[in-house]
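Visitor: I have a protein model to read. Can you take me through it, one feature at a time?

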Amino acid sequence: MTDAWIPGPATGTAPKLQIDVLTLFPELFPPVFEASILGRARRAGLWDYRLVDFRAYACDRHRTVDDVPYGGGDGMVLKVPPIARAVEGLLGGPEAFEAWLSRPKETRRPKLILLTPQGERLTHGLAERLSREAHLILLAGHYEGFDERIREHLATDEVSIGDFVLTGGELPAMVLVDAVVRLLPGVLGGERSAVEESFAMGRLEYPHYTRPPSYRGWEVPDVLRSGHHARIAAWRKEQALLRTLLRRPDLLWMYPPDAEEAALLRRWAGLDHEEAALAGAEEAGGEAAEAGRDAKEAERGATEAGGREASAGAGAEEGADALFGADAPLDALFRAATVVRAAGGKASLPKVAAAIVGALEAAGRLPPPMSKPRRRRRENPFFAARNAGGETAGAAWRPEDAGEAGRSGPAGGSEAIRGSDDARDEAGPARDGEAKGGPTDDGRDDGGRTEANG
């Protein structure tokens with residue numbers, strides 16, 4: 001058996017990222033690494049990999065890489081020597097290996113990453129940090145576990161893909177490679193593909209649609225077919241926030257809302273039950289509830305459907321009000337969103353939003369409400385006349401009609417200029433305002449449908 005399975009060079013130039021995988025089953029990796037986006041990126045020279053079977057570095061004739069644990073117990077434990085010699089071979093020999101070992105773990109390059117359920121949870125942020133490295137070594141274990149000295153002296157990092165146990169570290173290694181390589185410049189088609197997706201900006205991604213525009217009565221939201229880029233951008237931001245609120249409210253704690261998102265959260269927190277239904281809060285769960293469902297019935301359904309998830313914190317018997325209290329801790333907010341998702345209840349959006357707003361405000365992690373000067377500007381008699389009688393009435397209004405309070409400067413030119421500026425605002429900002437209305441505008445027709453994609 002050879003000591004390493006090494007694919008041929010993708011190009012004549014050095015890759016941007018070199019990944020070496022220490023594994024007992026190297027044959028599992030090429031079907032994944034050579035296919036689709038990963039394969040094209042490797043052939044383009046954006047990354048490369050080596051697969052090292054560390055069984056080849058065992059010294060006995062049976063090539064033993066594991067042994068029974070000291071102190072007794074079930075399972076077999078991976079031994080230190082074969083793995084240490086495999087790392088030494090990757091680094092270029094004993095001298096390079098000793099120099100690597102002599103450095104603090106934080107400064108060692110390349111990093112040696114141990115795939116283990118005890119490691120740091122793999123997140124988008126961690127994948128981004130690793131994508132900036134030039135060389136990574138992944139250790140995919142097997143059997144009962146590793147000799148602790150591998151963790152103490154060789155591994156620089158430990159990574160877990162979730163709170164569950166697999167038969168080996170090969171699948172987690174593939175997941176880590178995919179998450180890291182796709183973030184390398186040039187790997188994905190669009191420049192913003194890796195930016196405008198779930199977790200990249202601390203929010204779950206907005207819903208996507210493609211042709212046909214209608215299928216079995218399932219419609220694409222009109223705003224996405226309008227060609228109005230500002231309205232589309234506003235809709236996507238709003239939908240991303242709504243989806244994050246109902247599915248992963250903990251992300252709003254980790255990545256506090258900006259001023260626009262804070263305004264949306266406060267508005268949703270103030271919705272009554274009818275408006276909440278129009279806002280498409282049935283997104284979580286994917287099944288539209290009947291528009292006429294009684295609010296209390298929806299809350300009872302949420303409590304019953306999510307009772308198992310809620311029992312750890314509040315208990316089903318305490319009801320929905322206890323789950324969504326404004327002073328509820330973060331984990332309770334997460335369970336509350338789980339309850340909403342399980343029940344598919346529309347009426348719970350205001351309570352979830354109010355709970356999040358209360359928690360973030362109490363911790364000082366929510367921007368203050370929008371300042372009032374803009375509201376006072378909208379109360380200007382010009383706008384009042386325009387709203388009452390349309391543009392003609394607004395144009396007919398004269399500053400002197402409001403007395404001195406309506407004047408911003410000498411009579412004549414300044415009022416005319418201001419009036420023309422305000423008139424021009426009508427076409428642009430008015431439409432922008434409509435776009436930011438989100439759930440209460442476009443959501444009335446298709447808010448529920450947009451949130452049906454899980």
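Aromatic pairs

Guide: The structure holds six aromatic pairs. Rings of Phe, Tyr and Trp (its six-membered ring) pair if their centres lie within 6.5 Å; planes under 30 degrees apart count as stacked, over 60 as edge-to-face and the rest as tilted. This is a predicted model: local features need pLDDT of at least 70, side-chain atom pairs count only at pLDDT 80 or more, and totals for chains, interfaces and linings use all residues. Residues are numbered from 1 along each chain as its sequence is written, and side-chain values use heavy atoms, leaving out hydrogens and water.

Visitor: Is Phe33 buried or exposed?

Guide: Buried means under 20% relative accessible area, exposed over 50%, partly exposed in between (1.4 Å probe, protein chains only). Phe33 is buried, at 0%. Trp47 is buried too, at 0% relative accessibility.

Visitor: Which pair does Phe33 form with Tyr49?

Guide: Phe33 and Tyr49 pair edge-to-face, 5.0 Å centre to centre, with 70 degrees between the planes. Phe33 lies in helix α1 and Tyr49 in strand β2, so this pair ties together parts 16 residues apart in sequence. Tyr49 has a relative accessible area of 0% and is buried.

Visitor: Which residues do ring pairs link into a cluster?

Guide: The cluster consists of Phe29, Phe33, Trp47 and Tyr49.

Note on methods: Helices (H or I, at least four residues) and strands (E, at least two) are DSSP runs, numbered from the N terminus.
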